[in-house]
Amino acid sequence: MEKKSCLCEELWSELDNVIASKRGKPGALMQVLHWAQENIGYLPREVQVRVAEGLGVALSEVYGVATFYAFFSLKPKGKYQISCCKGTACYVRGAPQVLERFERELGVKAGDTTDDGMFSLEVVRCLGACGLSPVITVNKDTHARMKADLVPGILSKYRKAELASETA
Ligand code: FES
């Protein structure tokens with residue numbers, strides 16, 4: 001199914017149908033939240049409330065699951081999705097310092113999105129380019145042999161691209 005960007009009536013109604021089809025079944029909460037994450041793109045509070053009421057579970061339980069698993073996000077993903085590899089090869093070559101610098105520069109922790117909606121930051125386990133470690137990706141761009149000092153320049157490149165597209 002195509003991903004939709006708004007919580008329109010159609011999407012609410014699809015969510016209600018998914019809830020109804022899973023209600024009372026084992027693993028219903030995870031399955032409904034997966035559906036919502038994939039089709040809505042994130043799990044805002046109003047969706048959590050709808051899921052809790054629809055499945056007859058506590059809102060705190062829904063929130064607990066939504067915040068426990070890295071797959072779920074409470075905010076929409078940023079325009080630029082930064083994935084920092086913390087697989088073994090990247091880890092031993094300085095990935096933790098790279099991630100820490102992204103967190104500091106962006107003012108968010110891994111798993112979060114900047115308030116302006118520009119960047120999301122996530123940790124992944126091996127991007128399949130261990131020979132180029134440490135590696136990060138920004139959307140489809142790969143940045144190899146990363147160092148913490150390269151982080152500000154990379155962010156500024158995407159910020160400039162964004163400004164250029166706004167003024168074009
Ligand atoms: S461990 Fe990072 S790319 Fe494989």
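The model is a predicted one, in which local features need pLDDT of at least 70 and side-chain atom pairs count only at pLDDT 80 or more, while totals for chains, interfaces and linings use all residues. Residues are numbered from 1 along each chain as its sequence is written, and side-chain values use heavy atoms, with hydrogens and water left out. The chain holds seven helices and four strands, where helices (H or I, at least four residues) and strands (E, at least two) are DSSP runs numbered from the N terminus.

**Overall make-up**

- Read from the N terminus, the elements follow the order α-α-α-α-β-α-α-β-β-β-α, and the C-alpha trace spans about 50 × 40 × 25 Å along its principal axes.
- Of the 168 residues, 40% count as buried, a word that stands for under 20% relative accessible area, with exposed meaning over 50% and partly exposed in between (1.4 Å probe, protein chains only).
- Among contacts with a separation of 6 or more, 62% join residues 24 or more positions apart, contact meaning heavy atoms within 4.5 Å.

**The pair α6 and α7**

- The axes of helix α6 (residues 95-106) and helix α7 (residues 151-167) come within 10 Å and cross at roughly 50 degrees; these axes are lines fitted to C-alpha atoms over the stretch in contact, and angles run from 0 to 180 degrees between N-to-C directions.
- That angle makes α6 oblique to α7, since angles under 35 degrees count as roughly parallel, over 145 as roughly antiparallel, 65 to 115 as roughly perpendicular and the rest as oblique.
- On the α6 side the contact is made by Val-98, Arg-101, Phe-102, Glu-105 and Leu-106, and on the α7 side by Val-151, Pro-152, Leu-155 and Arg-159.
- The residues of this contact between α6 and α7 divide into six nonpolar, no polar and three charged, where Ala, Val, Leu, Ile, Met, Phe, Trp, Tyr, Cys and Pro count as nonpolar, Asp, Glu, Lys and Arg as charged, and the others, Gly among them, as polar.

- Ser-73, in the loop between α4 (59-68) and β1, counts as buried at 4% relative accessibility, and its side chain reaches the backbone oxygen of Lys-75 at 2.6 Å.
- Asp-149, in the loop between β4 (141-143) and α7, counts as exposed at 62% relative accessibility, and its side chain makes a polar contact with the side chain of Arg-101 (3.5 Å).

**Backbone details**

- Most residues other than glycine have a negative phi, and most peptide bonds are trans.
- The peptide bond from Ser-133 to Pro-134 is cis, with omega near -5 degrees, and Pro-134 lies in the loop between β2 (119-124) and β3 (136-138).
- Asn-139, in the loop between β3 and β4, has a positive phi of about 50 degrees although it is not a glycine.

Terms used: A polar contact is a pair of N or O atoms within 3.5 Å; within protein, one must be able to donate a hydrogen and the other to accept it, and residues adjacent in sequence count only if both atoms are side-chain atoms.
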